[in-house]
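Thank you all for coming.

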Amino acid sequence: MFAVGDVVMWRRGDVSACLLAATVSGWLLFGSGGYTFLSLASNVLLLLLTVLFLWAKAARLLNRPEPPIPEMHVSQQVVNEVVAMVHSVLNTVFSVFHDIALGRDSVLFYQVFLSLWIISIIGSLTDFTTLCYTSIVAVLTIPALYKKYEECIDRYMRFAYMNLQMYEMVYERFSAKCFHRARDLVIEVLKEP
C-alpha cells in the first residue's frame, strides 16, 4: 500500500501520473464536453447490461457456458455499519449546530461561518467539476514543483517578504505623518474660536 504523501510528492510516479491523467480526462469529459456523470454512468451500465444479456442468450442458443457473473448482494451487517456511521456523523453535526445556534461556542461559530462563506464565494465562481479538477491538479503539482525548485522559490519568497516589510515601514511612517498633521490641524481648528 502507498501513502498519500508518496503520491503527492511523486515518489510513486505511476500512481501520480495515472491520477493526474484520470483527473484531466474526467474534466475534459465532464467539464468541457457537456457530458454529465449521470449520463455516462447510465450509458456504461446500459452497454454492460446489453452485452451480458446478449452473451447469455447466445450462450443458451449455442450450448455454451453463461457469462461468469457473481451473485451480487449487500449483507445486512454492512448496511447496519453504514447506517450506524451515518447516524453518528449526523448526530455530531446536529450537536455542533445546536451548540453554535445557542451561542455556546463563539470560536467555532466564526470558523464555520468563515468556511461556509469561502465555500459560497468559490461556489459562485466555478462549478463543482472544475473545482475538483483544479484542486487535484494543484495538490499533485504544487508540492512536487516546490520540492524541485525549493531554493529558488525560497529566495524569491525572502525577497518578497523583505520588500513587504519595507513597504510596511514606509506606510507606517506615512500614516504617522498624516496622523500627526491631521491631529495638529484639528488642534488648530479647535483653538481658533
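This is a predicted model: local features need pLDDT of at least 70, side-chain atom pairs count only at pLDDT 80 or more; totals for chains, interfaces and linings use all residues.

Let me begin with Asp 184 and Arg 183, whose side chains meet in a salt bridge at 3.7 Å, N to O, where a salt bridge is a side-chain nitrogen of Lys or Arg within 4 Å of a carboxyl oxygen of Asp or Glu. Asp 184 counts as partly exposed at 36% relative accessibility, and Arg 183 is likewise partly exposed, with a relative accessible area of 38%; by the terms used here, buried means under 20% relative accessible area, exposed means over 50%, and partly exposed lies in between, with a 1.4 Å probe and protein chains only.

Residues are numbered from 1 along each chain as its sequence is written, and side-chain values use heavy atoms, with hydrogens and water left out.

How many salt bridges does the structure hold? There are three, and a second one joins Arg 104 to Asp 99 at 3.2 Å, N to O. Here Arg 104 is exposed, with a relative accessible area of 57%, whereas Asp 99 is partly exposed at 26%. In another, Glu 66 pairs with Arg 60, the closest N and O atoms being 3.3 Å apart; Glu 66 is partly exposed at 45% relative accessibility, and Arg 60 is exposed at 51%. As a general point, side chains of opposite charge can pair when their charged atoms come close.

Turning to the chain as a whole, its secondary structure comes to seven helices and zero strands, helices being DSSP runs of H or I with at least four residues, and strands runs of E with at least two, numbered from the N terminus. The radius of gyration is 30 Å, well over the 16 Å that the globule rule gives for 193 residues, so the chain is more spread out than a compact globule; this radius is taken over C-alpha atoms, and the rule is 2.2 Å times the number of residues to the power 0.38. Along its principal axes, the C-alpha trace spans about 115 × 50 × 35 Å.

Finally, buried residues make up 6% of the 193 residues in the chain.
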